[in-house]
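Here are a few notes to go with your first look at this one. Have it open beside you and take the points in order.

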Amino acid sequence: SDTVLQVEDLRTYFRTDDGVVKAVDGVSFSVRAGEIVGIVGESGCGKSVTSLSVMRLIPSPPGKIVGGRILFQGKDLLELPEKDMRSIRGKDISMIFQDPMTSLNPFLRISTQMIETIRLHQGLEAKAAREKAVEMLSLVGIPSPHKRIDAYPHQFSGGMRQRVMIAMALSCNPKILIADEPTTALDVTIQAQILDLMKDLAHRFGTSVILITHDLGVVAGMCNRVHVMYAGRIVEEAPVDRLFVSAAHPYTSALINSVPRLDKPRGRRLFSIPGQPPNLIDLPECCPFYPRCPKAMDVCKRAYPPEKVLEDGHTVKCWLYAEEGSR
Ligand code: SF4
Ligand code: MG
């Protein structure tokens, strides 16, 4: 098949003084060649922990991947020795973050950082690696890239820095790019430019993208398929067009209704759903959304809802859709 990544029943827990936080608790999804897959949810829902788990970058302790499989090119990444995983990171699977300064070294010129990565993963000579780096900077729209490549990270604006990150992330032609809130820190115009750029380059290089965001508006313009996460689990999955016209899960509907609308006065544009996400310590076996759900029923407090396939590629975990009799 054309599946490039398959995550099965991933569980990533964190040990804290107050108990075990089940940040990711049974997450499954797949990524096909060339597609852009969204993982969306409020902060703390487990979406970043999911992506860090795929990269095997969970700080341990206190974190630990306690179960599941992450299949990439026929191998379970969770079983690879760290040495093999290190060669996959940056080469086959790369990642960009909201703040490029978390992955750029402020004391090294961009050229040094890019050339090192390219030499390490592609075995190019210094001169060829520099040419490749300049070419990538030019592709992401850095003006005069052959000069700017010798600048330091702080000499770029926020938007330009994010372009540099994208150039670095794609310089080894990875199969998968994981982008965790890549544009959240940028203003709206720059955000749109960066997203367009990512989409265009992913298409051009045939790179699959996992886009992590709290913003369904970002998902709408970028993704082929979307996974909605709540309290450490995926509660709905659908092709993006379908999600916006027939969202099934009450949480998804709430997210859609909270997408900032430019036709509303300023103060009302803020993202908010009444109530708080649940504490992920000692989460009872119930639907974790029920305290905030306008459609909650008695059964919702008694058990976690089973997964229901509504149609091909559209699944939901909510008691509203469970078979009669299973409630
Ligand atoms: Fe709401 Fe119940 Fe569905 Fe949970 S299972 S989202 S509480 S209706
Ligand atoms: Mg996050």
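How many residues of domain 1 are in contact with residues of domain 2?

1. Bear in mind that this is a predicted model. The domain assignment gives domain 1 as 3-92 + 176-268 and domain 2 as 103-173. To settle the opening question, 13 residues of domain 1 are in contact with 14 residues of domain 2. The C-alpha centres of the two domains lie 25 Å apart.

2. Now look at who does the touching on the domain 1 side. Helix 7 (residues 188-205) gives the most there, with six residues. By class, that side of domain 1 has 10 nonpolar residues, two polar and one charged.

3. Which residues of helix 4 are buried? They are Ala129, Ala133, Val134, Met136 and Leu137. Looking down the axis of helix 4, you'll find these buried residues within an arc of 160°, so they line one face of the helix. In general, an α-helix has 3.6 residues a turn, so residues three or four places apart point the same way. The buried residues of helix 4 pack against helix 3 (110-122), helix 5 (145-148) and helix 6 (158-170). After helix 4 comes Gly141, with a positive phi near 85°.

4. Next, the loop between helix 1 (47-54) and strand 4 (63-72), where Pro61 is found. Ser60 and Pro61 are joined by a cis peptide bond with omega about -10°. Another cis peptide bond joins Pro61 to Pro62, with omega about 10°. Pro62 lies in that loop between helix 1 and strand 4 too. Why flag these? Most peptide bonds are trans, and most residues other than glycine have a negative phi.

5. That brings us to phi. Arg56 is not a glycine, yet its phi is positive, about 55°; Arg56 is also in the loop between helix 1 and strand 4. Gln73, in the loop between strand 4 and strand 5 (75-76), has a positive phi of about 50° without being a glycine. Are these residues buried or exposed? Arg56 is partly exposed, because 18 other C-beta atoms lie within 10 Å. Gln73 is exposed, with 10 other C-beta atoms within 10 Å.

6. Last, the ligand. Around ligand 1 there are 14 residues, and the closest are Cys287, Tyr290, Cys293, Cys300 and Cys318. The shell around ligand 1 divides into 12 nonpolar residues, one polar and one charged.

Technical notes. Residues are numbered from 1 along each chain as its sequence is written. Chains are lettered from A and ligands numbered from 1 in the order in which they are written. This is a predicted model: local features need pLDDT of at least 70, side-chain atom pairs count only at pLDDT 80 or more; totals for chains, interfaces and linings use all residues. Domain bounds come from an automatic or database domain assignment. Two residues are in contact if their C-beta atoms, placed from the backbone, lie within 7 Å. Helices (H or I, at least four residues) and strands (E, at least two) are DSSP runs, numbered from the N terminus. Ala, Val, Leu, Ile, Met, Phe, Trp, Tyr, Cys and Pro count as nonpolar, Asp, Glu, Lys and Arg as charged, and the others, Gly among them, as polar. A residue is near a molecule or strand if its C-beta atom, placed from the backbone, lies within 6 Å of it. A residue is buried if 20 or more other C-beta atoms lie within 10 Å of its own, exposed if 12 or fewer, and partly exposed in between; C-beta atoms are placed from the backbone. The arc is that of the directions from the helix axis to the C-beta atoms.
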